[in-house]
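These are my notes from a look through one chain. I went through strands, cores, a pocket and some backbone angles.

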Amino acid sequence: MPDRSVPDVDRAAAARRAVERRRARASLKRDLTMRVVSPQSVAEKAFADADSVAGSMRITDFLLALPAIGIGKRDRILQELDISPVKRLGGLGVRQRASLSQWLDARFPLNEARAGRSRLLVLAGPTAVGKGTVAAHIRATHPEIHLSVSATTRAARPGEIDGVHYYFVDDAEFDRLIADGELLEYAVVHNRARYGTPRAPIDAALAEGKTVLLEIDLQGSRQVRASEPSATLIFLLPPSWDELVDRLVGRGTEDAEERARRLRTAKVELAAQNEFDFHIVNEDVAAAAREVVELSEATAR
Ligand code: 5GP
């Protein structure tokens, strides 16, 4: 006999809420695994509100979702921190919170923005996060910022203009640009085409006192950091891993195999985000673009 003391509608609503919460927890776990969010920020949310999605996550699930932590390691960590495996993040005591935070900071050090930034800005981030859209928005609303035009060996897409979106060049011309030292950085992206940043227009814009923005991939960002250590590196993050997958599927420009490949690259790129000076979550294009511009103003000297 079913229990009739709770009306069916309430029971159904409660069951729906439970399913939604489980789904939200699963999504948060993916964000941790893919490093879309830092473990410290999840712990902070859980400590601030035990009823939040983060707060309701089991400590065992939280630790397992962290990069490179398996069951054996998880259990050793729990012992070391003197935390019972049945605990939820929001239910940790004061001492446990402190020891967990300390452990997280040691294991996943947060990047501190370095002093001495220059007006050379690099915008990177995983596939489909919206780098191109944010850069296009800045181009439209802030003509005073010099947006670098890259050279590429890939074919122009419909609507793309040579010299505006890219300089479309063949392999021989790209080789020449490299040989003559005309590129500040270059890389093969998505195992497909070559892309590179022409050096001369950037030097000229910087000499004129302008802010310069490069929208390039992780390999290129690393090269810029190596050759111009004072460059400001900005990493654009999706609001969540699920959102990133939705955006990639939603734009419908890649087939399933290509999407899988880009998601693998995205995972690698997200794992490198600590190499960057600043992180901006691309929830809304205009807001993200504004944050980039504000950073450029803050760093301009
Ligand atoms: P798309 O082919 O979709 O325009 O660009 C593909 C990827 O190439 C994007 O992730 C973009 O950031 C990257 N990219 C564009 N220009 C450059 C460049 O000059 N250098 C490097 N390293 N990557 C670039």
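Two strands pair if DSSP finds at least two bridges between them. Helices (H or I, at least four residues) and strands (E, at least two) are DSSP runs, numbered from the N terminus.

**Ground rules.** I am working on a predicted model, where local features need pLDDT of at least 70, side-chain atom pairs count only at pLDDT 80 or more, and totals for chains, interfaces and linings use all residues. Residues are numbered from 1 along each chain as its sequence is written, and side-chain values use heavy atoms, with hydrogens and water left out.

**Overview.** I counted 12 helices and nine strands in the chain. The C-alpha atoms fill a box of roughly 80 × 40 × 35 Å along the principal axes. I looked up burial next (buried means under 20% relative accessible area, exposed over 50%, partly exposed in between; 1.4 Å probe, protein chains only). Of the 301 residues, 42% count as buried. I then took contacts (heavy atoms within 4.5 Å). Among those between residues at least 6 apart in sequence, 70% join residues at least 24 apart.

**Strand pairs.** I started with strand 7 (residues 212-215). Strand 2 (residues 146-147) pairs with strand 7 in the parallel sense over two bridges. There, L147 has L213 as its bridge partner. Strand 1 (120-124) also pairs with strand 7 in the parallel sense, over four bridges. L120 stands opposite V212.

I moved on to strand 5 (residues 183-189). Five of its seven residues are buried. Strand 5 runs antiparallel to strand 6 (residues 193-198), with six bridges joining them. A187 has Y195 in strand 6 as its bridge partner. Three residues lie between the strands of this hairpin, where H190 takes a positive phi near 55 degrees.

**Cores.** I used this rule: a nonpolar core is a set of buried Ala, Val, Leu, Ile, Met, Phe, Trp, Tyr and Cys residues joined through side-chain atoms within 4.5 Å. The largest one has 43 residues. V134, I138, L213, L214, V224, W241 and V292 have the most contacts inside it. I checked V224 beyond its neighbours within four places in sequence, and its contacts include L120, V122, L184 and L214. A second, separate core of 25 residues includes L32, V42, F47 and I77.

**Positive phi.** Most residues other than glycine have a negative phi. I noted R35, where phi is near 65 degrees. R35 sits in the loop between helix 1 (8-33) and helix 2. Is R35 buried, partly exposed or exposed? R35 counts as partly exposed because its relative accessibility is 31%. A128 has a positive phi of about 65 degrees too. A128 is in the loop between strand 1 and helix 6 (131-141). A128 counts as buried, because its relative accessible area is 14%.

**Second largest pocket.** A pocket, on a 1 Å grid over the protein atoms alone, is an open set of points where a 1.4 Å probe fits, with protein on both sides within 12 Å along at least five of seven lines; lining residues have an atom within 4 Å of a point. Its volume is the space filled by probe spheres set on the points, which are joined across faces, edges and corners. I read about 370 Å³ for the second largest pocket. Its lining has 21 residues, of which V37, S38, L110, Q273 and N274 lie nearest the centre. Helix 2 (39-48), helix 11 (256-271) and strand 9 (278-281) each give two or more residues to this lining. Strand 9 gives the largest share, three residues.
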